[in-house]
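User: Got a model open here and want a quick walk through the fold. Can you start with the terms, then go to the details?

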Amino acid sequence: PPTNGRASKDNGHDKTAKPRTEKPKGDPAERGHLHAGMTEGEVLTRVGPPNATTGQKNAKLVRWTWFPVEGDAETVTTVTLSSGVVVNVDRMHVKR
């Protein structure tokens, strides 16, 4: 037990536990079907969370980017949202 009166940082969690290897949410093949007018929720449901974001969560303009993966290989998809609604979708073909 700690001698300084504070609770231990170790809450009994197994430090040897392996990280989760869950399948990412959404379907990468759906990235080609994203379009202006979709809501933030619709995008997340279809293709899952982005790999990278720019702009703050509550900012008017936010840009989300998904990198190439199996199911949408060789394509970087970038979605621009304004107040939670898609205003632009850019799909750039890249060679691996």
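Analyst: Contact here means heavy atoms within 4.5 Å. This is a predicted model, where local features need pLDDT of at least 70, side-chain atom pairs count only at pLDDT 80 or more, and totals for chains, interfaces and linings use all residues. Residues are numbered from 1 along each chain as its sequence is written, and side-chain values use heavy atoms, with hydrogens and water left out.

User: OK, take serine 82. Setting aside neighbours within four places in sequence, what is serine 82 in contact with?

Analyst: Lys60, Leu61 and Val87.

User: And which strand does serine 82 lie in?

Analyst: Serine 82 belongs to strand S3. Strands (E, at least two residues) and helices (H or I, at least four) are DSSP runs, numbered from the N terminus.

User: Is serine 82 buried or exposed?

Analyst: Serine 82 is buried, at a relative accessible area of 17%. Buried means under 20%, exposed means over 50%, and partly exposed is in between (1.4 Å probe, protein chains only).

User: What is the bridge partner of serine 82 in S4?

Analyst: Valine 85. S3 and S4 form a hairpin with two residues between them. In that turn, serine 83 has a positive phi of about 50 degrees.

User: Zoom out. What order do the strands take in the sheet?

Analyst: S1-S2-S3-S4, four strands in an open sheet with antiparallel pairing. Two strands pair if DSSP finds at least two bridges between them.

User: Which strands stand at the edges?

Analyst: S1 (52–54) and S4 (85–93). Each has a single partner strand, so one side of each is left without a neighbour in the sheet. On average, neighbouring strands are turned by 15 degrees against each other, direction ignored. For such angles, axes are lines fitted to C-alpha atoms, for helices over the stretch in contact, and angles run from 0 to 180 degrees between N-to-C directions.

User: How many bridges per pair?

Analyst: Three bridges join S1 to S2 (residues 61–66).

User: Where does the helix go?

Analyst: Helix H1 (residues 40–47) packs on the sheet and touches S2, S3 (75–82) and S4. The direction of H1 makes about 5 degrees with that of S2.

User: Which residues make up the largest nonpolar core?

Analyst: There are 10 residues: Leu34, Met38, Val43, Val47, Val62, Trp64, Trp66, Val79, Leu81 and Val86. A nonpolar core is a set of buried Ala, Val, Leu, Ile, Met, Phe, Trp, Tyr and Cys residues joined through side-chain atoms within 4.5 Å. H1, S2 and S3 are the elements that give two or more residues to this core. The largest share, three residues, comes from S2.

User: What does leucine 81 contact, leaving aside neighbours within four places in sequence?

Analyst: Leucine 81 is in contact with Glu40, Lys60, Leu61, Val62, Trp64, Val86 and Val87.

User: Switching to charges. How many salt bridges in the whole structure?

Analyst: Three. A salt bridge is a side-chain nitrogen of Lys or Arg within 4 Å of a carboxyl oxygen of Asp or Glu.

User: Start with arginine 46. Which residue does arginine 46 bridge to?

Analyst: Glutamate 30, with the closest N and O atoms 3.5 Å apart. Arginine 46 lies in H1 and glutamate 30 in the segment before H1, so the pair ties together parts 16 residues apart in sequence. Arginine 46 is partly exposed at 33% relative accessible area. Glutamate 30 is partly exposed too, at 26%.

User: And the other two?

Analyst: Arginine 31 bridges to aspartate 72, with the closest N and O atoms 3.6 Å apart. Arginine 31 sits in the segment before H1 and aspartate 72 in the loop between S2 and S3, 41 residues apart. Both are buried. Aspartate 72 also bridges to arginine 91, at 3.0 Å between the closest N and O atoms. Arginine 91 lies in S4, so this pair ties together parts 19 residues apart in sequence.

User: What is the relative accessible area of aspartate 72, and of arginine 91?

Analyst: Aspartate 72 has 8%. Arginine 91 has 33%, which is partly exposed.

User: Which residues do the shared partners join into one network?

Analyst: Arg31, Asp72 and Arg91.
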